[in-house]
Amino acid sequence: MEKRNQKKFNELRKEFPVFYFDDFKYEVTSKECTVQYFFRVGEYNFQPKMRLACGKYRRSETNSEKMKGLLFHIGMVEMVSYWKATCSPEIVIKPYLLNEIQQEWWKKLYWKGLGEFLYRNGITTEYDTFCQFTFDKNAQELTPNDYEYIPDNQNIIVPIGGGKDSVVTLEHLPREEKRIPFIINPRGATLNCASRAGFSHNDEIVILHRPIDKQLLELNAQGFLNGHTPFSAMLAFYTLWVSYCTNTRKIALSNESSASEPTIPGTEINHQYSKSLEFEVDFRTYTQKFMGDCAHYFSFLRPYTELQIAEMFAQHSQYHDIFRSCNVGSKEDKWCCNCSKCLFAYIILAPYLSEEKMVAIFGENLLDKPTLQTYFDELTGIAAVKPFECVGTLEEVNLALQAIIPNQKDKFLIQHYIKAKKL
């Protein structure tokens, strides 16, 4: 655990007993769709505004009534980022009513999606009292008829994150599928990967601009609660909006089998919970039952391990100089070469690319950096806890290392590994 914020958690819940999801408003123009949410707690107001540009894929007509339910659900998952600042025990939802089954679904998402947040803040709480939803007396319940069922066609939405996984999905989907790339908050690697895949113009990429309200950043600076939220769950609901606005039913994520492994062994705490098979199944069930089965969300890479994905990616050399999986260096579009994400990417690709090629990609041999030993121990199971990052399973990392030992025996981390594992 990194922090002991139990006292702060208790104090904030007492000081701010109620969090409000007041409303949302949206606008549709010839160029883009926008939505703005209105959340508040105590004297603090949050009003994040999102802009979605669908380029050449935008359908000619949209029914605003059919879009309201989608936007409301996006608000339900966007709210997590703001609610977690105080973890208010009561959440008042004014726009619409959720039935008991839906409330339980959302409570599970908040609970499991914030498992890392609670763990790293050193917070102990109970599921039953973690949060409860209450509703405005005039709120109406949405029905499946409030959503539009999108029929199958040859289009398929592919979110692009700039790493190896979405590249493999883009390149290995059946050729008859017309790929529609979707990027949130574009940066160098995401735009470059889309361009190398053949989408070189802005109107060929669906783009969502998703800023964080400055009020939340100010509260973070003041010492309110902060930490990881289930980003991929937010992405899932945004893809439904993209599906509607582009008239595209199929949505192909790039979440692999390893995403289901807990970060803390023997627990349900998983940095990648909203990338897991459990969430994927829950999400599909929810959309089928409560949202008119409006789209088909699935992970194209779910059957594959990280090693299999790395082997496939190694074959696509046109992306090797531009892909990035490093969160630390993302703003500068570089590998920082000092984090667990960089080290994992290096290890998992090393069995399939030469040392010369790996150094050309990363700028140095990460297996020869003593400063990465702590991350190395976490990735290999020498340490008790995995990194809180999107990385593969312990088994996958160890299999990759065993494959590269013969050619990398002189490297510092390989020598450390041989000693620690008594090989």
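1. Helices here are DSSP runs of H or I with at least four residues, and strands are runs of E with at least two.

2. Please keep in mind that this is a predicted model, where local features need pLDDT of at least 70, side-chain atom pairs count only at pLDDT 80 or more, and totals for chains, interfaces and linings use all residues. Residues are numbered from 1 along each chain as its sequence is written, and side-chain values use heavy atoms, with hydrogens and water left out.

3. Which residues of H11 and H12 meet? From H11 come Glu306, Leu307, Ala310 and Phe313, and from H12 Phe344, Ile348 and Leu349 (contact means heavy atoms within 4.5 Å). The contact of H11 with H12 divides into 6 nonpolar residues, no polar and 1 charged.

4. Now to the aromatic rings. The count comes to 37 aromatic pairs (ring centres of Phe, Tyr or the six-membered ring of Trp within 6.5 Å; planes under 30 degrees apart are stacked, over 60 edge-to-face and the rest tilted). Phe21 and Tyr37 have ring centres 6.2 Å apart and planes at 70 degrees, so this pair is edge-to-face. Since Phe21 lies in strand S1 (residues 18-28) and Tyr37 in strand S2 (residues 33-41), the pair ties together parts that are 16 residues apart in sequence.

Definitions and conventions. Ala, Val, Leu, Ile, Met, Phe, Trp, Tyr, Cys and Pro count as nonpolar, Asp, Glu, Lys and Arg as charged, and the others, Gly among them, as polar.
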